[in-house]
Amino acid sequence: MKRKKNIWEGLIIGIFIFLVIVPILTILVWVGTERWAWPSLIPQKFSMRAVNGILRNRQQLVRLCMSSLFISASVAFLSVVIGTMTARALECYDFFGKRLFSFMSMLPFLVPGTVFAMGVQITFIKCGLSGTVQGVIIVHLICSLPYAVTLMQDGTRAMGVKLEEQARVLGAGALQAFFKVTLPNLFPVMLSAFSMAFVVSFSQYFLTLMIGGGNVKTFAIVMVPYLGSGERNFASIYSVIFLVIMLLVFGILEWIVGRFTKAQEVEYY
Amino acid sequence: MKKKMTPYILLVPQLILGVVFIIGLGTGIIQSLGVIPAFGLTEPTLKYYKEVLTRPDLLQSLKYSLYIAFMSAFLATVTGTFLCAVLVSAGKVRGIIMRIVQIPIIVPHVVVALFIVNILSQNGILARILANAGLITDQQQFPMLIYDRYGLGVILAYLWKEIPFIIYFVIALMANINGSLGEAATNLGANKLQAFMNVTLPLCMNTVLSGFLIIFVFALGAYELPFILGATTPKALPVLAYLEYTKPDLRARPYAMAINGILIVISLIAAVLYYILLRRSTKKLAG
């Protein structure tokens, strides 16, 4: 299709991109800002005081990264496994209660997480899960799972059962057919489900606060108090680390997908 | 026989988590009816709902929350769909621009709150630019864009995050339809705008509506942004509920849960409306 270059389209896209990028730049400036008096447009004094302050406590920072990453990676992994199972049940089988299960799997989309968190806290306290990493993983999992299920359902539907049946006809066992044929084909979708679930978990503040009870530290939990107290440089540094980790996780996953698709092409064609 | 059991076995973990979710909702609803045996409250009553619904501050909160959720979802959906159309028309469906579009989706809400403070507060960049341009002389002259009664800061924060979400949510479908059926309409003599308004947009409507619903329910029940960027009064419903929830006097607990009950009812009404709209638009397309 031939199009003439449209100046309005370019302008609109340009403004949009500008509005997405500028806010991110503001936190980069704040990372090294010591003093920024009104009404100057640039900070008067740059220093690495806040950065050093956080780096000096390196152990604490590493522990924070580790606990945040561990929680979100576990949540993402479990979301993919459970999401794949649920999607397979809902897409490949007809059974009694299917609509009910389908509704249940989407319920966390329909009811706010805050409502769930306040209701379930007492049960978690009774079970001894309150204030524990496991407890936080369970509630994050509940909120991330609908995303994973939706993505995996789309993937499973698109993939169909034809290839797997083919493998069965050729003599593969049920499990063999699933693991050797269906799973490799679903792998790219599984990675998108993983990233989506990871993001949802990594961004949680309220659920972590309610169920973690201050014991379980994640980036959001550590950062918000700085926002309230107006120490914007500390809040900015934590935000930057937050974003860098997120981008790294995404970069790695995308790299894996790229490698994987290439490897498959070589294998099959 | 074995085959019949397979879907149920596959659904076991989903079922366990679903039950935990329903226990959470159920506990909340039972407590909102004033049944908390541990505090000696055993008679179910609608008293708390009645009291909560007649409190003037709650009605204000209800309006404020509905307003923020609706404005965020509506503006994000309209702007997002428009930008999506521009991107499709400009042929920028993948590549570097789509990469940039995806960034806000992965930025957590608490970080977006920081962006908004940096830019829109009375000490923020926008106020400084106006001061340097000589339009204002004092910080106080800059309008309160955050912590304000109109929830501007909260809505803008949602827009920054949710407009790209809508684009991401709709663009693959829109590009696909525009490339096939939209192209056909153009060949039959429709101009670009006609083809978009009469063919592509109606076919994308279901997805756009789903996007609207997801944002609406999320913004209605989210705590972070109204807590960080919202006004002291009125408070958003989840903020108000949490305040009641954390009161040292445990007898306030049913009030918190009654507020949550109201949130559940509104979310479910939104979901039902969504299904009706979805049905209607599917029927219209079929007929």
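**Close-up views of a predicted model**

**View 1. Residues that join H5 of chain A to H2 of chain B.** In this predicted model, H5(A) contributes Val115(A), Phe116(A), Met118(A), Gly119(A), Val120(A), Ile122(A) and Thr123(A) to a contact with H2(B). Facing them from H2(B) are Val20(B), Phe21(B), Ile23(B), Gly24(B), Leu25(B), Thr27(B) and Gly28(B). Of the residues in this contact, 9 are nonpolar and 5 are polar. None is charged.

**View 2. Crossing of the two helix axes.** Two packed helices are described by the angle between their axes and the distance between the axes.

**View 3. Helices and strands of chain A.** Chain A holds 11 helices and 2 strands. From the N terminus, the order is α-β-β-α-α-α-α-α-α-α-α-α-α.

**View 4. Dimensions and packing of chain A.** The C-alpha trace of chain A spans about 75 × 65 × 35 Å along its principal axes. Its radius of gyration is 23 Å, whereas a compact globule of 269 residues would have one near 18 Å. Buried residues make up 38% of the 269 in chain A. Take the contacts in chain A between residues at least 6 apart in sequence: 71% of them join residues at least 24 apart.

Methods
Residues numbered from 1 in each chain as written. Chains lettered and ligands numbered in written order. Predicted model: local features only at pLDDT ≥ 70, side-chain atom pairs only at ≥ 80, totals over all residues. Contact = placed C-beta atoms within 7 Å. Helix = DSSP H or I, 4+ residues; strand = E, 2+ residues; numbered from the N terminus. Nonpolar A, V, L, I, M, F, W, Y, C, P; charged D, E, K, R; others polar. Rg over C-alpha atoms; globule rule 2.2 N^0.38 Å. Buried ≥ 20, exposed ≤ 12 C-beta atoms within 10 Å, placed from the backbone.
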